[in-house]
Amino acid sequence: MCRIGSIKSLEPVPPSLALRLMISQQEGHDNSGFAMVMKDLEGAFSHYKNQPLLSMACTGRGIQLVNEYMEQHGFVQVAQWVPDVNRQPGLRIEAMPRYVFRNYDYPEIYRYRTQEEREDLLLDTRLALRRLLEEHEDGYVYSFWPDVLTLKEIGDPADIATYFRLWEDDGRLLARNIVVQCRQNTNYAIVRYAAHPFFLQGFTLCANGENTFFTKNTEFQKSLFRGYMGFESDSQNFLYSLHYVLHELKWPLRYFKHVITPLPFAEIEARPDREVLRLIRQSLANLEINGPNTIIGMLPDSTMITCCDSKKLRPVVLARDEHMVAIASEVCGINEIMPDRDTSADLYPNERELVEIRNSLEIVRWKQ
């Protein structure tokens with residue numbers, strides 16, 4: 001079983017806070033991996049918020065391949081942060097030789113292009129780099145997006161944190177939004193791309209549970225958008241559906257829940273919006289999910305969401321204090337980082353709602 005969590009804070013916080021949120025839930029995961037997406041960065045990246053940040057792990061040859069590709073396509077490197085890793089003996093981690101976190105300026109010809117054209121460029125570049133590195137297993141590209149950093153690794157989460165010195169709150173890595181999971185994708189072959197959270201064009205998502213409609217979702221999604229690829233995990237379907245509903249169809253957020261867990265037909269017919277809900281169910285039936293699961297998502301504007309399957313077979317709790325909102329699979333994780341909060345205000349989302357956490361920390365509950 002997975003354990004997932006997230007933090008949205010008015011002030012930037014270090015990864016150690018997210019690690020404390022997750023390590024306390026370790027009886028619920030198998031210590032096989034750690035991955036996180038950090039957004040709204042400060043620290044080492046505070047001056048480069050508008051320049052896309054490349055996050056990858058690779059070999060020495062992989063570095064050379066990426067350097068050549070980026071230069072040939074007009075990207076100019078403006079900053080780089082290289083982790084000062086701790087190679088102490090005995091750490092349970094399957095580390096890659098090199099880790100790259102680089103900010104680039106857009107190619108000159110994109111200086112006056114639209115936001116949509118820039119987003120397409122970043123997606124196509126990430127996909128091209130992925131294909132380039134996959135050819136001879138030279139590395140992994142996790143994200144290429146402004147103000148977003150992604151780290152994924154195989155091993156024990158506490159040891160991974162030690163290796164990358166994430167326990168040391170020295171101000172290098174800080175963010176107002178962090179989404180995290182402690183587990184590799186051990187239902188299938190362990191592949192770094194399969195580790196949650198997943199990222200696509202500003203959308204981030206991680207999941208706890210299973211999607212038994214994986215094959216149905218996958219076959220449909222492959223035809224919808226060029227960025228829907230890989231499918232190393234059944235949870236990637238959730239990310240692609242979120243992206244499709246909001247980015248491609250441009251529907252309001254509240255309809256995402258109706259797509260992945262549609263209401264029974266009898267309930268739909270009793271509602272005043274039955275025509276809309278009927279059309280959603282008919283046209284996007286292949287995006288319905290099934291099985292026990294809970295998801296945490298983050299949108300391009302940093303809004304966070306969480307929701308459950310239609311029977312609520314996986315737990316999730318949301319809590320807040322004056323400065324922060326946290327989401328976790330288990331309340332013990334929130335107790336670890338927010339011990340003095342008002343616990344009577346904790347939320348346990350039900351199977352018929354989607355919870356939205358806005359940047360002001362306002363919490364909105366959308367009922368199906």
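**View 1. Strands β11 and β12 in a predicted model.** Strand β11 (residues 293-298) and strand β12 (residues 304-308) run antiparallel and are joined by 5 bridges; two strands pair if DSSP finds at least two bridges between them. Met298 stands opposite Met304 in β12. Strands (E, at least two residues) and helices (H or I, at least four) are DSSP runs, numbered from the N terminus. This is a predicted model, in which local features need pLDDT of at least 70 and side-chain atom pairs count only at pLDDT 80 or more, while totals for chains, interfaces and linings use all residues. Residues are numbered from 1 along each chain as its sequence is written, and side-chain values use heavy atoms, without hydrogens and water.

**View 2. The open sheet.** Its 6 strands follow the order β9-β10-β11-β12-β15-β16, with antiparallel pairing. β9 (198-200) and β16 (363-367) are the edge strands, each pairing on one side only.

**View 3. The largest nonpolar core.** This core has 82 residues, and Met56, Phe164 and Leu166 have the most contacts inside it. A nonpolar core is a set of buried Ala, Val, Leu, Ile, Met, Phe, Trp, Tyr and Cys residues joined through side-chain atoms within 4.5 Å; buried means under 20% relative accessible area, with a 1.4 Å probe and protein chains only, exposed over 50%, and partly exposed in between. A second, separate core of 35 residues includes Leu200, Phe256, Leu299 and Cys307.

**View 4. Surroundings of Met56.** Beyond its neighbours within four places in sequence, Met56 is in contact (heavy atoms within 4.5 Å) with residues including Ile63, Val66, Arg98 and Tyr142.
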